[in-house]
Amino acid sequence: MALSVGVFGAGAIGGYLGVRLSAAGAVVTLVGRRSLVELRPQLRAVALDGTELRPASSLRVSDDPGALASVDLALVTVKSRATAEAAEILAHHLEPEVTVVSFQNGLSNASTLRRALGPRVVAGMVSFNVSREDGGACLRQATRGPVVSGSGHGEHADRMRSLAATFEAGGLPLNRHERIDDVLAGKLLLNLNNGVCAATGLAITDSLRSRDTRWCLAQCMLEGLATLRRAGYRPTSVLGLPPGLIARTLLLPDAILLRIARRMVSAEPGARLSTLQDLDAGKPTEIDQLNGAIATLARTHGMSAPANATITKIVHELEGRTAPLPFVTPRELRTRITARMRDEPRPTT
């Protein structure tokens, strides 16, 4: 029998996963905004290599959470600010035995979901970005990276194995880890570039070409690494290199760094990270769950994170502004971070 999978909060990431799973043989129900329902006939996913995938005819798209009543697994892909509300909605509509998987940015979403849904929640994350084209009907993978989750326990472990097998059949492997919290911590360190790009308005590849933005990201990552270690995490990078080494690699000269980056990072030209996409759309961002999370965690442990705090402040100042947004230049961002670092002690790894 085909695996029945629901996706709650089917935006770019959730829609992409749902279409890929549907194309791989799962019975998929997407729950999102009314506009997604209207796009059902045109929905498609485009893999990083350009392969276009269409969902099976069984794909169901709805704006009613009640459509998830009969699924085996529910994937949660809402923005972090909506996690608590999503948990309450899902507690009302899901059967008690349904496995819930959090495919969201940040460290705390799974624990937030567990407060309403219990231990059936499995933490996970999607390490690549997805852009929406053709009015939102085309969901295009824009960067390289794995889909990662915890293993689950009991019947939930069985369902996670079935989910992994379905992903694998569709050419999108799901890597399961026992220490998923450390993997999420490693992904958070890489996600700190969200704030750098949002503050400067730069696309991913442009941020890597600028020595100033690379320096800013390196400072954010080094602060984050020290803070997470103080908090008891052992961050594991999804790129296969230690996070500290990645941060220090960012400080290398352009000619060397860009050769390494081409092997580590694959991004569509002009691809923009999700926080910058939210600013472009005039939406609130997840900055408090990214750079802001490091700044807050540092304060909790008697440390400071001046680079991450500076970026969080700038992004909040940009939220709700009308276009054209007053982004800071890479040089200005570096100058502002440097000034704050002089006034606040730096954490050490």
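Select helix H3 first: its face turned away from the buried side carries the exposed residues Glu85, Glu88 and His92. Exposed means over 50% relative accessible area, buried under 20%, and partly exposed in between, with a 1.4 Å probe and protein chains only. Helices (H or I, at least four residues) and strands (E, at least two) are DSSP runs numbered from the N terminus. This is a predicted model, in which local features need pLDDT of at least 70 and side-chain atom pairs count only at pLDDT 80 or more, while totals for chains, interfaces and linings use all residues. Residues are numbered from 1 along each chain as its sequence is written, and side-chain values use heavy atoms, with hydrogens and water left out.

**The other side of H3**

Now colour Thr83, Ala86, Ala87 and Leu90, the buried residues of H3 (residues 83–93). They cover an arc of only 105 degrees around the axis, which puts them on the same side of H3; the arc is that of the directions from the helix axis to the C-beta atoms. Contact here means heavy atoms within 4.5 Å.

**The eight-stranded sheet**

E1 and E6 belong to an open sheet of eight strands with mixed pairing, in the order E5-E2-E1-E6-E7-E8-E11-E12. Strand E5 (60–62) and strand E12 (174–176) stand at the edges with a single partner strand each, so one side of each has no neighbour in the sheet. The twist averages 25 degrees from one strand to the next. Two strands pair if DSSP finds at least two bridges between them.

Which residues cover the two faces of E8? Val121, Ala123 and Met125 lie on one side and Val122, Gly124 and Val126 on the other, and all are buried. Six of the six residues of E8 (residues 121–126) are buried, so the strand is largely enclosed by the rest of the structure. Strand E7 (residues 99–103) pairs with E8 in the parallel sense over four bridges. Val101 has Val122 as its bridge partner in E8, and Phe103 has Gly124.

Next select helix H5 (residues 155–169), which lies across E1, E6, E7, E8, strand E11 (147–149) and E12 and runs at about 145 degrees to E12. Axes are lines fitted to C-alpha atoms, for helices over the stretch in contact, and angles run from 0 to 180 degrees between N-to-C directions.

**The four-stranded sheet**

Move to the open sheet of four strands, ordered E4-E3-E10-E9 with mixed pairing. Its edges are strand E4 (52–53) and strand E9 (130–133), each with a single partner strand, so one side of each is left without a neighbour in the sheet. Strand E3 (residues 44–46) pairs with E4 in the antiparallel sense over two bridges, and Ala45 stands opposite Leu53 in E4. Helix H1 (residues 12–23) lies across E3, E4, E9 and strand E10 (138–141), at about 95 degrees to E10.

**Two backbone stops**

In the loop between E9 and E10, select Asp134. Asp134 is not a glycine, yet has a positive phi of about 50 degrees. Then go to Pro324, in the loop between helix H14 (306–318) and helix H15 (330–343). The peptide bond from Ala323 to Pro324 is cis, with omega near 0 degrees.

**The whole chain**

Zoom out to the protein chain, with 15 helices and twelve strands. Of its 349 residues, 56% count as buried.
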